[in-house]
Amino acid sequence: MQRKSQKMENEKQHIGSLFDRIAGTYDGLNHGLSLNIDRLWRRKAVRQMQPANKVLDVAIGTADLTIEMLRQEKVMRVTGIDLSRDMMAIGKKKVEKLKEKGEKSKNVEFLYANAQKMPFADGFFDGVTCAFGCRNFSDLDAGLREMYRVVKPGGQVTILEFSYPKNRIVRRVYDLYFSHILPFIGRIVSKDKTAYSYLNRSVKSFCWGEAFVQHLHDAGFREEHFRELTFGIATVYTGVKPLGC
Ligand SMILES: C[S@@+](CC[C@H](N)C(=O)[O-])C[C@H]1O[C@@H](n2cnc3c(N)ncnc32)[C@H](O)[C@@H]1O
């Protein structure tokens, strides 16, 4: 058990290179294997957001959440940070394509930075988002404290993350999917032996529901709320930095 968690710690220390290795296949596998349900989850997460001028998208990856925020016209400007340059390179291309198609060109900037030590001033952003990033942090609480620090008082954090379904039958399908189908197909398509088995282990060992809300609370957020999606396979969490803080 200890060796397993040590292994995961090592993987989290090198998370950028892990995502660099699978960047080229990440979107296709995500959308294909989830039958596009992941798009629906991002749509629902963005619906929970307060409209904001300047938003930080933590662990922006290939920019799917950012693009959804632009699509729903919830934000004016997005700064995305990530530790994988290759994931962000794909995200940048997707945002550029939107502009070419004549969609309203909003400001999106991509920055190589660690969620656990952000290069921004206190209260710099009107809102903070993070989709499927938190479970990859080597120190979840440090990441949440940073989100709290960089959002302005009254600003909202919106987090989308995998969780664990309560229904026994759904759990069986979920376990089968994450333990066998995802690592198997992921290994074949990405040609990477370990990355998709890491994704499976990282989902299963992560906290969810009330336990995650407690971490948000400990970081300083209030008005915490969570909403389960698709039988609790994923959950959207929101919290607000109190005024006067
Ligand atoms: C599963 S992807 C999610 C990407 C995107 N938000 C989405 O919705 O598809 C997780 C991303 O988190 C990034 N990441 C993990 N730990 C990080 C950290 N400490 N700081 C910044 N980015 C991190 C990874 O590099 C990867 O691109």
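**Terms first.** I call a residue buried when its relative accessible area is under 20%, exposed when over 50%, and partly exposed in between, using a 1.4 Å probe and protein chains only. Helices (H or I, at least four residues) and strands (E, at least two) are DSSP runs that I number from the N terminus.

**Ground rules.** I am working with a predicted model, where local features need pLDDT of at least 70, side-chain atom pairs count only at pLDDT 80 or more, and totals for chains, interfaces and linings use all residues. Residues are numbered from 1 along each chain as its sequence is written, and side-chain values use heavy atoms, with hydrogens and water left out.

**Overall picture.** I find nine helices and seven strands in the protein. The C-alpha trace spans about 45 × 40 × 30 Å along its principal axes. I then checked the radius of gyration, taken over C-alpha atoms, against the globule rule of 2.2 Å times the number of residues to the power 0.38. For 245 residues that rule puts a compact globule near 18 Å, and the protein's 17 Å agrees.

I also looked at contacts, meaning heavy atoms within 4.5 Å. Among those between residues at least 6 apart in sequence, 72% join residues at least 24 apart.

Of the 245 residues, 51% count as buried. By the Shrake-Rupley method with a 1.4 Å probe, the protein exposes about 12300 Å², and carbon and sulfur atoms supply 53% of that. I get 40 positive and 28 negative side chains, counting Lys and Arg as positive and Asp and Glu as negative, without His or the chain ends. The centres of the two sets lie 4 Å apart, with each charge placed at NZ of Lys, CZ of Arg, CG of Asp or CD of Glu.

**Helix α4.** Which residues of α4 are buried? My list reads Asp64, Leu65, Thr66, Ile67, Glu68, Met69 and Leu70. That is seven of the eight residues of the helix (residues 64-71), so α4 is largely enclosed by the rest of the structure. Following α4 I noted Glu73, whose phi is positive, near 55°.

**Salt bridges.** My rule asks for a side-chain nitrogen of Lys or Arg within 4 Å of a carboxyl oxygen of Asp or Glu. By this rule I count 14 salt bridges.

- Asp192 and Arg21 meet with N to O at 2.4 Å. This pair links distant parts of the chain, 171 residues apart: Asp192 sits in the loop between α7 (168-190) and α8 (195-204), and Arg21 in helix α2 (residues 15-33). Asp192 is buried at 8% relative accessibility, whereas Arg21 is partly exposed at 43%.
- Lys99 and Glu96 have their closest N and O atoms 3.8 Å apart. Both lie in helix α5 (residues 85-100), three residues apart, about one turn of the helix. Lys99 is partly exposed at 33%, and Glu96 is partly exposed at 41%.
- Asp122 pairs with Arg149, the closest N and O atoms being 2.8 Å apart. Asp122 lies in the loop between β3 (107-112) and β4 (125-131) and Arg149 in helix α6 (residues 140-150), so the pair ties together parts 27 residues apart in sequence. Asp122 is exposed at 58%, while Arg149 is partly exposed at 21%.
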